[in-house]
Every structure is written in structure tokens, then in C-alpha cells.
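Student: I would like to take a close look at a single part of this structure. Could you guide me through it step by step?

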Amino acid sequence: MKELLVERITNFTITPTMLEESVKNNGGRLIVQGLVQRAEAKNGNGRVYPKDTLEREIQKYKDTYIKENRALGELDHPESPIINLKNVCHNIKSLWWDGDDVMGKIEVLPTPSGNILKALLVAGITVGISSRGMGSVKQIGETVEVQPDFELLCWDFVSTPSTQGAFMEIVSESKQYNKEQQYKLDKVNELVTEILCNRAGFCTCELPGY
């Protein structure tokens, strides 16, 4: 019986230089790349994806969703296999193999959720990259193996990964919390509030008690 399989992936890293160059060289668009999936290795959920199964699904994803320019994903994981367009934040432009690793190039979209994601990245907030799919699993010894009926759905950006290091992050020269970081966080809060107010048609500050 198929179930919703959600996996948090490690080592998706963005540096400030990558952000600046991406926006400059892509007509203002933010495009990032890194590790999005791994085959033949136990992940943080104790599951292993056989490479032949993952190869089939990656190729199918490329031939349909990427080719048709609709390889979309959301900001945070919904408890559903359906991709909700109002929460879409990115579009995957290409996928390729590097050994047993699947690498991806991703465009952050200028949607409400995409603008929130971009603001978080610019402010140095770490986020994770996570796959979503449907399939069954089989216990083999201490390993849970994903079965051939697996169907890859998408990748999402998430705030709290289940495994250590499953973050997409901007590398900074200093980890010390200072006024500049506080200013960036304040700007993020202002941007998020503005986006949410625009989507709702009103601002919470206009309500009684605010």
C-alpha cells in the first residue's frame, strides 16, 4: 500500500556570492543549485532508495515536469500528495546525476511564497530541501527499502529538517549575532507581513487589539 514519503536531504548550500551572482546574471532571478536526492544510502528516516528506482523517477520527472516547465514545489510540506499552486515557491530547471547523488538547479519564483523564501535566504536564514513522493516500503533487516512502485512528486523547501545538516544555508564570515543581523531579520518580518497582508486584503495592524 502506497504512503506519502517525505525525505529531508543534506548538503544544499548557498553562499552570499552565489546569491549576488545569480541575481546579476539571470535578469534578477534567483537560481540556486545543489544536492536534492541520494540513492543507495540510508537517510535520516532509515529509508534507502534503490538507484534503479530513483533513476527511473528522475528521468520521468525530467521528461515531463521539467520539460514542460512545471517542476514546482512548495514552501513547507503539506500533508498531501497534491501540489497547491498558491503555496508554490520554486521551479526546478534541471536535474543530473553525480555518482549516487542527484543534483538540481532551482529557480526561486516571484510568488508570495517564493518572495518569503528569497527574503529568508538573503537574511541568512537556513532552510532545508526535502523530497515528496508516494510509494510503499519493505523492511529488510535494519533497513527500510523503498519499493519499485515509488512515484516522485516534487521537492519542497522546509524550515525544520528531521536530520542534522539537512539545511540550505548561506555561509557567513561570522556567527556572532549583531545589529546588522537584527536589521536583516526586521526587514524579513516587514516583508513577510506585507506579503501576507496583500494576500489577505487587509493588515492585522488594522484589527482591534493590534
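Student: Are Tyr49 and Phe150 buried or exposed? Please describe this pair closely, together with the other aromatic residues and the helix between them and the core.

Tutor: Please keep in mind that this is a predicted model. Both Tyr49 and Phe150 are buried. They belong to the aromatic pairs of the structure, of which a search of the whole structure finds three. The ring centres of Tyr49 and Phe150 are 5.1 Å apart and the ring planes stand at 80 degrees, so this pair is edge-to-face; planes over 60 degrees apart count as such. Tyr49 is found in the loop between β4 and α2, while Phe150 is found in the loop between β10 and β11, so the pair ties together parts that lie 101 residues apart in sequence.

Another pair is formed by Tyr61 and Tyr65. Their ring centres are also 5.1 Å apart, but their planes are at 40 degrees, so this pair is tilted. Both residues lie in helix α2, four residues apart, which is about one turn of the helix. In general, an α-helix has 3.6 residues a turn, so residues three or four places apart point the same way. Tyr61 has 2% relative accessibility and therefore counts as buried, whereas Tyr65, at 26%, counts as partly exposed. With Trp155, Tyr61 and Tyr65 form one aromatic cluster.

Let us now consider the helix itself. Helix α2 spans residues 51-66, and its buried residues are Thr53, Leu54, Glu57, Ile58, Tyr61 and Ile66. Viewed down the axis of α2, these buried residues fall within an arc of 125 degrees, so they line one face of the helix. They pack against β3 (30-38), β5 (72-74), β6 (88-98), β7 (101-108) and β11 (151-158).

In general, nonpolar side chains of soluble globular proteins tend to be buried together. Ile92 illustrates the contacts: leaving aside residues up to four places away in sequence, Ile92 touches Tyr61, Ile66, Ala71, Lys105, Ile106 and Trp155.

Key: Residues are numbered from 1 along each chain as its sequence is written. This is a predicted model: local features need pLDDT of at least 70, side-chain atom pairs count only at pLDDT 80 or more; totals for chains, interfaces and linings use all residues. Side-chain values use heavy atoms; hydrogens and water are left out. Buried means under 20% relative accessible area, exposed over 50%, partly exposed in between (1.4 Å probe, protein chains only). Helices (H or I, at least four residues) and strands (E, at least two) are DSSP runs, numbered from the N terminus. The arc is that of the directions from the helix axis to the C-beta atoms. Contact means heavy atoms within 4.5 Å. Rings of Phe, Tyr and Trp (its six-membered ring) pair if their centres lie within 6.5 Å; planes under 30 degrees apart count as stacked, over 60 as edge-to-face and the rest as tilted.
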